[in-house]
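Let's walk through this one together, a few questions at a time. Have a look at the model first, then we'll dig in.

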Amino acid sequence: MNSNYLWLIFSTFLVFLMQPGFMCLESGLTRSKNSINVAIKNLIDFSISVILFWAVGYGMAFGTSIAGIVGSDHFFFNPESVSPRGIIFFIFEMMFCSTAATIVSGATAERLRFRSYAIVTIIISGLIYPSFSHWVWNSSGLSDSLGYLENIGFIDFAGSTVVHSLGGWVALAVIVVVGSRTGRFDRSGKPRHIHGSNLPFSVLGVMLIWLGWLGFNGGSVLALTSNVASIILNTILAGAAGTICAGLISWHRSKTYKVEVLINGSLAGLVAITASCNAVSAPLAIVIGSIGGIISILVSYWLRCWQIDDAVDAIPVHLGGGIWGTIAVALYANPEVLNTGLSRTNQLLVQLLGITICGVWAFGITWVLLKVINRLTPLRVSLADEERGLNISEHYAKNTVYEMLRIMNRQAAERDLSLRVPVEPFTEIGHVANRYNQVIDSLEESTQQLKQFNVELEQKVQQRTAELSIAKEKAEVANHAKSVFIANMSHELRTPLNAILGFTQLMSRNDAIPAEEQKHLDIISSSGEHLLSLINDVLDLSKIEAQRLPLEEVNFDLCSLLDSLEQMFSLKANQKNLHILFETSPATPQYIKTDLNKLRQILINLLNNAVKFTSQGGVTLRVSPVSNSCSHNEPGTRLKLIFAVEDTGRGIAADEIDTLFEPFAQTQAGREADEGTGLGLAISRKFVRLMGGDIQVYSKENQGSIFQFDLLVQIAAVEQLPASNHQQILRLEPNQPQRRILVVDDKIYNRELLIKLLQPVGFQTRSAANGFQAISLWQQWQPDLVLLDIKMPTMNGLKIIQHLKGDRLSKTKIIALTASAFEEEREAILAAGCDDFMRKPFNANELLLMMTKHLGLCYTCAEAANSPEQQTLLSPLDGDSFASISNELLLELQQSIMEIDLEKIEQIIQKIAQENQLLAQKIERHIENFDYEYILNLLGKNNIL
């Protein structure tokens, strides 16, 4: 036996080492629940490929060629009929066949039935590999004939295409038929990484494969020649270059050297050099290996994009690297070594043809056969078996980890804490199992204690529930009593106020009343309105706390509201020599929809406090939307407005801010001022929160305060605003039927108020003090409309409504007049059959307008005091207002005011009227309101004093 035989035998041994190398590599890159299945598949594919190669594969690959397509002899290989070299060559080529078969194992791992994998091995070992091997390598065996591809100059020295690409094509066909592993891609197609079980084990496998590759490439010379050393050197350099290049790309992409990328880069470099390792220089081997590492990364990325699930990236390594290595033969190999007589271009075309034929043959035949087989028997394991793992479902393998997980699953499903996992002494998993059992012991003990605690807790809960039930009943009784008290207080307070304010309105309508008496009426009206405001504050606070205050959103002109507030507070600010400024952002919409009355009340409260507690400087109101964009200011759009009231006043101490919004709480400045009830800020915050916003305060002592709140409002259009009425009703228009009005109220002053209001307008009126009189008068007189008080003794208004509405022939309209402050009482009154509802105290014009809605009346009206002319009259004075008046006349006015000589003041105003009628009217209005100090301050600014 010479050295050539020894080298070929040694190379055969090295190639065999690739089998345990692939087993370690694939087992480490897959999950532990499938590791046994992966390992045993490497054993079974080696066994099947060896038997099939002995029986038919060798004869098909290296037998006497029939037209360069298939071998015709040496089936069931008989060693007695060949030389020792032939036997060694047979064994060497047998290792190549098993290598091609084992490539499929890793790529299709974790989803393929064991018998399905055996079928795939039979197809590749018994048909696909021997046939293609004959087309490329037939002359290397016992026959001198050439295969089809070999004859036209196709070169694949050690099997980049014959072994590796062919195995990759078959693996691709299997994956396309059986699909990806469950959970590998999400619903959007994005890949999820499935971690391997033992990466160091995979690295050991790569090292064994490298060692085997030295025999794979070096043994392909089939003799121990001088070329073997350079072939082995090129193999090592290419593998190392693939490792480094792939590692650099991994660092560039993810700032880490991923183990899987390094492994696949090295293997791709080895695959790429296999086709030309005998015909390139060492530098070119490095180039080929580097490009092979890059191609493995690119193909791996493309497969993920196409949702092709290769468990160990065998296809990028063997198929991608194999195709590149076969092309590199034409690009880099020495033509003299190839000895095909082809130019590089023609050689490239031949190499591409061989690659194409390999792909069509290996992929096409495998895909067709597996499609047919898959229809007859499923190639893939069930979803449950895949989830459980192929170690158990395919091989019934059990271990301590599996048993521990099985017991843990039973505990989770059955909630049986008496179960314990088996403990295997002197192993790591045994220590874990022992600690787990200790945890379950503690948990079982804690569960028993918890059950006992639950029993005791349930008893306590039952006891507390009974106590809470009693407390709840008491609270409901108290709450009901509170509601009754509030309702009664509302009625009892608002009823006399109705008379006070109502008669004041009646008397104000009489032009014959002297000016002095008119002043007294104004004082009565102002005091009554203030008292009504205080009552409403208390009632509103109670209704908010009881969650009985609804939002009443309307469309209105925000700019008009702000203008009216600016006029209202300008007088007060000027009297204190303060400037007042209203700043509105250009992006603020003019027309909005929200609760107008509550917004007005909030702003009045904040502005009033700001003016009250500021002695120098001024007050600023700023309004702006959260977003400064005007592009969305279309009707129906919702946006958030920010209101901020800033002053330069005394400020608020830090320890007072926390209690600032509590009912009846006042700051030190508020207590010293001895004004108000301490409800304004509390109600303002509750209103803001009720309207969907919140309020904050920022303040420093002696520097001022900022009260800021935000509201969510809806933009409105001008045509959505309700029609305004600036006219005062005087009397009914002539030529109308005279309407009969029945007034029902148990308070005489309320009846007299309504009669004195309605008779001058042109109505016929009668009155009733109780329900019995009302029903009797209604039957006799048949009024057109009844103004009905609801809360009366003996027979209340609801019973009267039922009686009057019980007559279907009656056409009498009923308007309820009540001092109740609750919305639900309004709903109950309307539900009883009442035609309309108005609260006391009421506005005379509003009542007359409501009556015309139900009776179809027309009135003669006069312009009200808030006409444009009157608004001009009410505009504030300033120092420039006296510019047109002589200093002598202004000095006389100043002296007469200081002497409080009313007769002289009137004479001077008459003189001023001759020069400026409007100015005289404004001065007279301030004098009537006793605003002497205000006039004197303005005269002082004009340098008169």
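Before we start, a quick definition: a residue is buried under 20% relative accessible area, exposed over 50%, and partly exposed in between. Keep in mind that this is a predicted model.

Q: Is H74 buried, exposed or partly exposed?
A: H74 sits in the loop between β2 (70-71) and α3 (84-107). Its relative accessible area is 27%. That value lies between the 20% and 50% cut-offs, so H74 comes out as partly exposed.

Q: How much of the protein chain is buried?
A: The protein chain has 33 helices and 16 strands. Among its contacts with a separation of 6 or more, 75% are between residues 24 or more positions apart. Out of 945 residues, the buried share is 47%.

Q: What is the volume of the second largest pocket, and which residues are closest to its centre?
A: The space in the second largest pocket comes to about 760 Å³. It is lined by 29 residues, and the closest to its centre are H193, E260, S300, R304 and D313.

Q: Which helix gives the largest share of the lining of the second largest pocket?
A: By class, this lining splits into 11 nonpolar, nine polar and nine charged residues. At least two residues each come from α8 (227-254), α9 (259-273) and α10 (282-305). The largest share is five residues, and the helix that supplies them is α10.

Q: Which element gives the most residues to the lining of the largest cavity?
A: The lining includes F22, L25, N264, D313 and H318. Elements that contribute two or more residues are α1 (3-29), α9 and α11 (314-332). The class count is eight nonpolar, two polar and two charged. With four residues, the top contributor is α1.

Q: Is A285 buried or exposed?
A: A285 belongs to helix α10. Beyond residues up to four places away in sequence, it touches N234, A238, I273 and V280. Its C-alpha is also 9.0 Å from that of A272, 13 residues away in sequence. With 0% relative accessibility, A285 is buried.

Q: And I244, is it buried or exposed?
A: I244 is part of helix α8. Its C-alpha lies 7.5 Å from that of L262, 18 residues apart along the chain. The relative accessible area is 54%, so I244 is exposed.

Q: Why do the buried residues of α26 line one face of the helix, and within what arc do they fall?
A: The buried residues in α26 (residues 797-805) are G797, I800, I801 and L804. Looking down the axis of α26, you'd find them grouped on one side, so they line one face; the arc they fall within is 100°. An α-helix has 3.6 residues a turn, so residues three or four places apart point the same way. To recap the value for α26, the arc is 100°.

Q: Which residue caps the N-terminal end of α26?
A: Look for a side-chain oxygen 3.2 Å from the backbone nitrogen of L798. The residue that provides this oxygen is N796.

Q: Past α26, which residue's backbone nitrogen lies 3.3 Å from a polar side-chain atom of S810?
A: S810 is in the loop between α26 and β14 (813-818). At 18% relative accessibility, S810 counts as buried, and leaving aside neighbours within four places in sequence, S810 is in contact with W778 and L804. The backbone nitrogen 3.3 Å from the S810 side chain belongs to T812.

How values were computed:
Residues are numbered from 1 along each chain as its sequence is written. This is a predicted model: local features need pLDDT of at least 70, side-chain atom pairs count only at pLDDT 80 or more; totals for chains, interfaces and linings use all residues. Side-chain values use heavy atoms; hydrogens and water are left out. On a 1 Å grid over the protein atoms alone, a cavity is a set of points where a 1.4 Å probe fits but cannot get out, and a pocket is an open set with protein on both sides within 12 Å along at least five of seven lines; lining residues have an atom within 4 Å of a point. Grid points are joined across faces, edges and corners, and a volume is the space filled by probe spheres set on the points. Ala, Val, Leu, Ile, Met, Phe, Trp, Tyr, Cys and Pro count as nonpolar, Asp, Glu, Lys and Arg as charged, and the others, Gly among them, as polar. Buried means under 20% relative accessible area, exposed over 50%, partly exposed in between (1.4 Å probe, protein chains only). The arc is that of the directions from the helix axis to the C-beta atoms. A polar contact is a pair of N or O atoms within 3.5 Å; within protein, one must be able to donate a hydrogen and the other to accept it, and residues adjacent in sequence count only if both atoms are side-chain atoms. Contact means heavy atoms within 4.5 Å.
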